[in-house]
Amino acid sequence: MAVLFPISTNGADPGRPDAELWYAADWLAAREADALLPALRDSVQWETHRIRLFGHEVDSPRLSCWIGDEGTAYAYSGARFEPKPWPSALVPVRQRLEQELQAGFNSVLANRYRTGADSMGWHSDDEAALGPQPVIASLSLGATRRFLVKPRQGAGERLALDLVHGSLLVMRGATQQHYRHALPRTARPVGERINLTFRRIIG
Ligand SMILES: O=C(O)CCC(=O)C(=O)O
Ligand SMILES: [Mn+2]
């Protein structure tokens, strides 16, 4: 896998560990990525998750589906989701990721951003059920969208990555502990995008 970002996100605070990010722009061959996008659009049980935001329950601005093995219920943003079964199109992707990253993934959060108005706010994937230093593998399909990373506290550079069709971004190490990430909305006319974050629930 290509290493792309030995970024110094700890410039303003030498005591803070770097975010550990790895990126491979063409992890999936174009042909595979082109086939996976419509397969997932049609086979995933998309729904609008309700999340808690500043004490209020609201619709999240995207479609989502929590997918996983039995026993991988996931609680985040004040809600709890029972896993849906793996769509067949994801089975080989999971296998390849597990082999290449030497990580066991038992679940995936699928998100579908219909237009540039769909987004994901600042957060860390730091739920206790993921363990202290989770390996999270994020596969992007469809429209290129900008992904931002910034330290949780204090000053520090904000990193912007344009996640392209077929790309893989891996977040690991201290990334979730010390950094937040977001997928902001955009006024640019952009097509649909599907993102899959493979995870391991250990709770
Ligand atoms: O859509 C993305 O690239 C980010 C998704 C994400 O951060 C998440 O599912 O936790
Ligand atoms: Mn996330």
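The shell around ligand 1, in this predicted model, is made up by class of six nonpolar, five polar and three charged residues, where Ala, Val, Leu, Ile, Met, Phe, Trp, Tyr, Cys and Pro count as nonpolar, Asp, Glu, Lys and Arg as charged, and the others, Gly among them, as polar. In total 14 residues surround the ligand, the closest being Tyr113, His123, His181, Arg193 and Arg199, and a residue belongs there if one of its heavy atoms lies within 4 Å.

Residues are numbered from 1 along each chain as its sequence is written, and chains are lettered from A and ligands numbered from 1 in the order in which they are written. Local features need pLDDT of at least 70, side-chain atom pairs count only at pLDDT 80 or more, totals for chains, interfaces and linings use all residues, and side-chain values use heavy atoms, with hydrogens and water left out.

Which strand gives the largest share of the shell? That is S14, with four residues, while strands S7 (107-113), S8 (120-123), S13 (179-183) and S14 (193-199) each supply at least two; strands here are DSSP runs of E with at least two residues, and helices are runs of H or I with at least four, numbered from the N terminus.

Turning to polar contacts, which are pairs of N or O atoms within 3.5 Å, a polar side-chain atom of Arg193 lies 2.8 Å from an oxygen atom of ligand 1, that of Asn195 lies 3.4 Å from a ligand oxygen, and for Thr197 the distance is 3.3 Å.

Finally, the whole protein has three helices and 14 strands, and its C-alpha trace spans about 45 × 40 × 40 Å along the principal axes.

Definitions and conventions:
Polar contact = N/O pair within 3.5 Å; in protein donor to acceptor, adjacent residues only side chain to side chain.
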